[in-house]
Amino acid sequence: MTQIKVKTNILQANDEVAGQLKERFRAKGITVINLISSPGAGKTTLLEHSIPRLTEKYRVGVIEGDILTTRDADRIAKLNVPVVQIETKGACHLDANMVLKAAEQLDLDNLDFIIIENVGNLVCPATFELAEDAKVVVLSIAEGSDKPAKYPTIFTRAKACILNKMDLLPYSNFSLDDFYQDIKRINPQMEVFEVAALQETGLDSWLKWLEGMMVNGGQKD
Ligand SMILES: Nc1nc2c(ncn2[C@@H]2O[C@H](COP(=O)(O)OP(=O)(O)OP(=O)(O)O)[C@@H](O)[C@H]2O)c(=O)[nH]1
Ligand SMILES: [Mg+2]
């Protein structure tokens, strides 16, 4: 009983911060995406291959969440976009306060997108609002087609799913039929993009969807 109350309070407090932060992002016309997946599904790789295309038209900043190390932030910094690292020191997800602090390091007057790479974890990040306009879940072929059924919270809350490492499909027992059947049941509105980030296949529809998500309709000031 008490445990449930504590958890509710933590989430409520987080949602309040996230709500205020979202208003700030909206006022600046910034679209915020929260990328969530289990470790190694390909979040950073997706960013490495999407950001150079996005920055042809838009200004992009990245917030990198990791339990330890700046490795992902270092990879993103090579793309010459502003990047802020959050080291959670053990915490398995980002929360709105961490994003608030990270956002203070970014020039909000000069950004169209902020993409947050959450800590590699399919479970905990699902329940924490980060002032995002959309959660995007990345699932890789090697993880198996049963994951939406086994981890429904994130697949319910995400607006889009990147099905990554499609190049590995011939070498795995991943069933696209089972996957789509579960998605249809769990979240029929969710957009699914079949992608091989490393090979840069399937990125066009994903990038077009991102553009469609823009809070200011793609207008630059
Ligand atoms: N075959 C194949 N490998 C990929 C693809 N995308 C990413 N990888 C590989 O998958 C591994 C993990 O990729 P990352 O991008 O680091 O994954 P991540 O989700 O950012 O990992 P964490 O931040 O640790 O949670 C790397 O060795 C990538 O090269 C893909 O489309 N196909
Ligand atoms: Mg990463």
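Select F113 to begin: at 0% relative accessibility, this residue is buried (under 20% relative accessible area; exposed is over 50% and partly exposed in between, with a 1.4 Å probe and protein chains only). The model is predicted, so local features need pLDDT of at least 70 and side-chain atom pairs count only at pLDDT 80 or more, while totals for chains, interfaces and linings use all residues. Residues are numbered from 1 along each chain as its sequence is written, chains are lettered from A and ligands numbered from 1 in the order in which they are written, and side-chain values use heavy atoms, with hydrogens and water left out.

Rings of Phe, Tyr and Trp (its six-membered ring) pair if their centres lie within 6.5 Å, with planes under 30 degrees apart counted as stacked, over 60 as edge-to-face and the rest as tilted. The count comes to six aromatic pairs. For Y58 and F113, the centres are 5.8 Å apart and the planes stand at 75°, so the pair is edge-to-face. Y58 lies in the loop between α2 and β2 (60–66) and F113 in strand β4, so parts 55 residues apart in sequence are tied together.

Next, select F174, F179 and Y180, which ring pairs link into a cluster.

Finally, select the magnesium ion (ligand 2), coordinated by T44 (OG1), D72 (OD) and E117 (OE) at 2.0 to 2.1 Å. Donors are N, O and S atoms within 2.8 Å of the metal (3.2 Å for Na, K and Ca); water is not among the atoms, so sites may look incomplete. T44 is buried at 5% relative accessible area, and E117 is buried at 2%.

Terms used: Helix = DSSP H or I, 4+ residues; strand = E, 2+ residues; numbered from the N terminus.
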